[in-house]
Protein chains: 2
Amino acid sequence: MEAREKILDAAVRVFSEAGSRGATTRRIAEVAGVNEVTLFRQFGCKERLLREALFRVSERPSFGSLPAEPGDAEAELVIWASGHLRELYAASSWIRRSIGEFEENPEVSASSCSGPALVARELRSYLDRLQEQGTIAADADTGAAAAMLMGAILADAIGRDVMPDRYPFSVDEAAERYVRLFFRGISARADLSFRD
Amino acid sequence: MEAREKILDAAVRVFSEAGSRGATTRRIAEVAGVNEVTLFRQFGCKERLLREALFRVSERPSFGSLPAEPGDAEAELVIWASGHLRELYAASSWIRRSIGEFEENPEVSASSCSGPALVARELRSYLDRLQEQGTIAADADTGAAAAMLMGAILADAIGRDVMPDRYPFSVDEAAERYVRLFFRGISARADLSFRD
DNA sequence: GGATCATGCAAGCAAACACTTGCACCTACG
DNA sequence: CGTAGGTGCAAGTGTTTGCTTGCATGATCC
C-alpha cells in the first residue's frame with residue numbers, strides 16, 4: 001500500500017515542475033519508481049490522481065498562529081509573518097503552478113488557497129482584537145491592511161525568484177520590514193503625520 | 001501580411017487560457033481564423049511563434065507615470081497605483097499564466113516582468129525624491145515599502161478572482177486604500193505612534 | 001498448500017500532437 | 001499577359017499521450 005503514497009508525492013513534484021498538462025502519467029510513474037500501470041490501477045485515471053494529490057497538499061496543516069489575546073502585537077506579528085512567508089516560499093513553485101492553472105481549473109486553484117484563506121481570517125480577527133484593545137487606531141482600515149500585508153507576503157514568496165532585483169533584502173528580514181511598515185500604517189491616527 | 005498579426009494575437013489569447021502546452025497550433029490557427037499551415041510557414045515552429053507573441057505583449061507600453069517632481073504625493077500615488085492596478089487586473093489571466101510557467105520557462109516569465117520592473121524602479125526614485133524633500137520620514141524603509149505596495153497591487157490583481165473573500169472592497173477603491181496605509185507607514189516617525 | 005491480491009513487464013491502441021508535402025487559388029506587380 | 005508569392009485544402013509523417021490487456025511474480029492470509 002505504499003505505492004499509493006509514492007505516486008501521490010511524485011504527482012505533486014511533477015505537477016510543480018511541469019503543470020497538469022506536462023505531468024504525464026509516464027513521468028509521474030518514473031519519478032515514483034513505480035510501473036505506469038500501477039498508477040492507473042490505483043487511481044483509475046490521471047484526473048483523479050491529480051485531484052487527490054493536489055487536495056492532499058492543500059490540506060496539510062499550517063504552522064504557527066497568532067495568539068488569541070494579543071500581547072506585544074508588533075513582535076507577535078513579525079513572528080507570525082516570517083513563519084507564513086517561509087512556508088509560502090518553501091512551496092513557491094507549487095503555488096505559482098496552481099495560480100497559473102486557475103483559468104483552466106478554478107476549483108483546484110481555489111482549494112489550494114483554502115489554507116491561506118484561513119490565515120487571512122486569523123489575521124483579520126487578530127486586528128479586530130487590537131482595535132478593541134485600543135492598540136491601533138480606531139479608524140484603521142483593517143480589511144485593506146490585512147489584504148495588503150498578506151498580498152505583500154504572497155507576492156514576495158512567488159516573485160522573489162522571478163524578479164530578484166525588486167527585493168533588495170533577504171527573505172529572513174522581509175517579514176520584519178513589512179510588518180513594521182504595516183504596523184505604522186495602522187497605528188498612526190489620520191491627524192498624526194510626520195508633517196505636523 | 002495581416003495573417004501574421006492575427007496569429008500573434010490569437011497566440012496570446014490561447015496561451016492565456018491554456019498555457020504553452022495547451023496552446024496547440026490547431027487551436028491558435030482556429031482562433032486566428034487562419035489555416036494551420038500558414039502558421040508554420042510564417043513562424044517555422046510553435047516555439048518561435050510563442051516567443052514572438054509573448055515578447056510583443058511584454059513590450060507594450062505602460063500607461064501613466066509618476067511626476068518627476070512630487071507635488072501632492074499621496075494624491076499622485078493614488079492615481080498612479082490605481083492606474084497600475086487596473087492595468088495589471090486587465091492582464092491578470094496572462095500574468096497568472098506567465099508566473100505559472102516560470103519553472104518551465106524562466107526567461108519568458110522574467111521578460112514578462114520587464115514592464116513591472118520599470119514601474120518598480122520609478123516608484124523607488126519617486127520615494128527617494130520624497131525623502132530628499134522631507135515629505136516622508138528620513139528613516140523610512142523605502143525599499144521594503146516599494147516592494148510592499150507593488151506586491152500588494154500584484155497580489156490583488158492576480159488573487160482577487162481566485163480568492164474573492166479576501167478582498168472586502170472593490171478594485172476601484174483598492175489602490176486608494178493601499179496607498180493611504182502605505183503613506184502612513186512611511187510618513188510616521190518611529191517615535192511617533194498612536195500610543196504616545 | 002492454495003487462494004487472493006497488489007505489483008511488474010511487454011505490448012499495444014486510438015487520439016492528439018508538431019510539422020511536412022503537393023497542389024490549386026488568388027492577388028499584386030512588371 | 002505572365003510570373004511570383006502568400007494562402008487554403010487534403011493528406012500524411014512520426015512521436016507522445018492516456019489508457020488497456022494478458023500474463024508472470026511475489027507476498028499475505030486462511
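**Working through the model**

Mentor: Of the 196 residues in chain A, 53% count as buried, and please keep in mind throughout that this is a predicted model.

Trainee: OK, and how many helices and strands are there in chain A?
Mentor: Chain A has ten helices and zero strands, so the pattern along its sequence reads α-α-α-α-α-α-α-α-α-α.

Trainee: What does the C-alpha trace of chain A span along its principal axes?
Mentor: The span is about 70 × 35 × 30 Å. As for the contacts in chain A with a separation of 6 or more, 67% of them are between residues 24 or more positions apart.

Trainee: How is chain A divided into domains?
Mentor: The assignment gives domain 1, covering 2–57, and domain 2, covering 73–187. Taken over C-alpha atoms, the centres of these two domains of chain A are separated by 30 Å, and the contact between them involves ten residues of domain 1 and seven residues of domain 2.

Trainee: Switching to the two chains, at what angle do H1 of chain A and H1 of chain B pack?
Mentor: Helix H1 (residues 2–22) of chain A and helix H1 (residues 2–22) of chain B pack at an angle of about 105°, and their axes are 9 Å apart. Because angles of 65 to 115 degrees count as roughly perpendicular, H1(A) is roughly perpendicular to H1(B).

Trainee: And which residues meet there?
Mentor: On the H1(A) side they are Ala18(A), Arg21(A) and Gly22(A), which meet Ala18(B), Arg21(B) and Gly22(B) in H1(B).

Trainee: What about H3 and H4 of chain B, how do their axes cross?
Mentor: The axes of helix H3 (residues 36–43) of chain B and helix H4 (residues 46–59) of chain B cross at roughly 75° and come within 9 Å, and H3(B) and H4(B) are therefore roughly perpendicular to each other.

Trainee: Which residues make that contact?
Mentor: H3(B) contributes Leu39(B), Phe40(B) and Phe43(B), while H4(B) contributes Lys46(B), Arg48(B), Leu49(B) and Glu52(B). The residues of the contact of H3(B) with H4(B) divide into four nonpolar, no polar and three charged.

Trainee: New topic: how many aromatic pairs are there over all chains?
Mentor: The count comes to four aromatic pairs over all chains. One of them is formed by Phe169(A) and Tyr178(A), an edge-to-face pair at 5.9 Å centre to centre with 85° between the planes.

Trainee: Is Tyr178(A) buried or exposed?
Mentor: Tyr178(A) is buried, because its relative accessible area is 0% and buried means under 20%. Phe169(A) is buried too, with a relative accessible area of 5%.

Trainee: Which residues do ring pairs link into a cluster?
Mentor: Ring pairs link Tyr167(A), Phe169(A) and Tyr178(A) into a cluster. In chain B, Tyr167(B) and Phe169(B) are both buried.

Trainee: Last one: where is Ser109(B) found, and what is it in contact with?
Mentor: Ser109(B) is found in helix H7 (residues 106–112) of chain B, and at 2% relative accessibility Ser109(B) counts as buried. Leaving aside its neighbours within four places in sequence, Ser109(B) is in contact with Val162(A) from chain A and with Ser98(B), Ile99(B), Glu101(B) and Phe102(B) from chain B.

Terms used. Residues numbered from 1 in each chain as written. Chains lettered and ligands numbered in written order. Predicted model: local features only at pLDDT ≥ 70, side-chain atom pairs only at ≥ 80, totals over all residues. Heavy atoms only, no water. Phe/Tyr/Trp six-rings, centres within 6.5 Å; stacked < 30°, edge-to-face > 60°. Buried < 20%, exposed > 50% of the residue type's maximum accessible area, 1.4 Å probe, protein only. Axes fitted to C-alpha atoms, helices over the stretch in contact; angles between N-to-C directions. Helix = DSSP H or I, 4+ residues; strand = E, 2+ residues; numbered from the N terminus. Parallel < 35°, antiparallel > 145°, perpendicular 65-115°, else oblique. Contact = heavy atoms within 4.5 Å. Domains from an automatic or database assignment. Nonpolar A, V, L, I, M, F, W, Y, C, P; charged D, E, K, R; others polar.
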